[in-house]
Amino acid sequence: MSRSWSPRRRRPYLARPRSLWRRLVDYGLTAIILGLLILLAARLDRVETRKTEGAAIVNDGDSITLGAERIRMRGIDAPEYTQTCRRNGTDYPCGTLARQSLVRLIGGQPVSCTGWQRDRYGRLLGNCTADGKDLNRAQVEAGWAVAYGDFESEEATAREGRAGIWAGTFDQPQDWRDSHHGQVVERKHGALASIGDAAREIFRFW
């Protein structure tokens, strides 16, 4: 006697419909992600490297104007134009001399500056050159600016050689600004801080 065998008929799989709450959550997350992507794309111009060049108007020892673009030289801090320092027991206009040093370094040549970040006053924080010379570095080497995140070895050499402001005593430019209800203070930066700056620029939506 033979037995016959027939498979059981399987019920078709029916996906359970998602709850209204789950669908609303999914739609909300999708909208948030799309919104962030749109905002990120709209802000990419803020981290794009910008380049400007031309005849420079020297404002002080670490800031210039190229056409309509105001430049704050990145990684250095020079005495403010009206700041005085002390040498051989006598005050002298180190801010004026810092500006004159930058004028000499430029030597009437066209200046080119590149940068991607701006300070709170809208000035481009730039690395500037003239006739192939790194002006930011040269100001520190000449002793008319202190290192502010870059050029520490150049500052050490200038200090050892008593160049510029290192020939006497002076208030750090940032301290001088603070005591005179000062102007913008550039944030000190290094390699890791620059990465942080870039991240903040991307995600700073206000």
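The largest nonpolar core holds 31 residues, of which Ile64, Val111, Cys128, Leu135 and Ile165 touch the most other members. Such a core is a set of buried Ala, Val, Leu, Ile, Met, Phe, Trp, Tyr and Cys residues joined through side-chain atoms within 4.5 Å, where buried means under 20% relative accessible area (1.4 Å probe, protein chains only). Two or more residues each come from strands E3 (63-66), E4 (69-73), E8 (111-118), E9 (124-130) and E11 (146-147), and from helices H2 (94-106) and H3 (135-141). Helix H2 supplies the largest share, five residues. Helices (H or I, at least four residues) and strands (E, at least two) are DSSP runs, numbered from the N terminus.

The model is predicted, with local features needing pLDDT of at least 70 and side-chain atom pairs counting only at pLDDT 80 or more, while totals for chains, interfaces and linings use all residues. Residues are numbered from 1 along each chain as its sequence is written, and side-chain values use heavy atoms, with hydrogens and water left out.

Not counting residues up to four places away in sequence, valine 111 touches (heavy atoms within 4.5 Å) Thr52, Glu53, Gly54, Ala56, Ile64, Leu66, Ile106, Cys128, Thr129, Ala130 and Leu135.

Two disulfides (cysteine sulfur atoms within 2.5 Å) are found in the whole structure. Cysteine 113 and cysteine 128 are bonded with their sulfur atoms 2.1 Å apart. This pair links distant parts of the chain, strand E8 and strand E9, 15 residues apart.

Terms used
Buried < 20%, exposed > 50% of the residue type's maximum accessible area, 1.4 Å probe, protein only.
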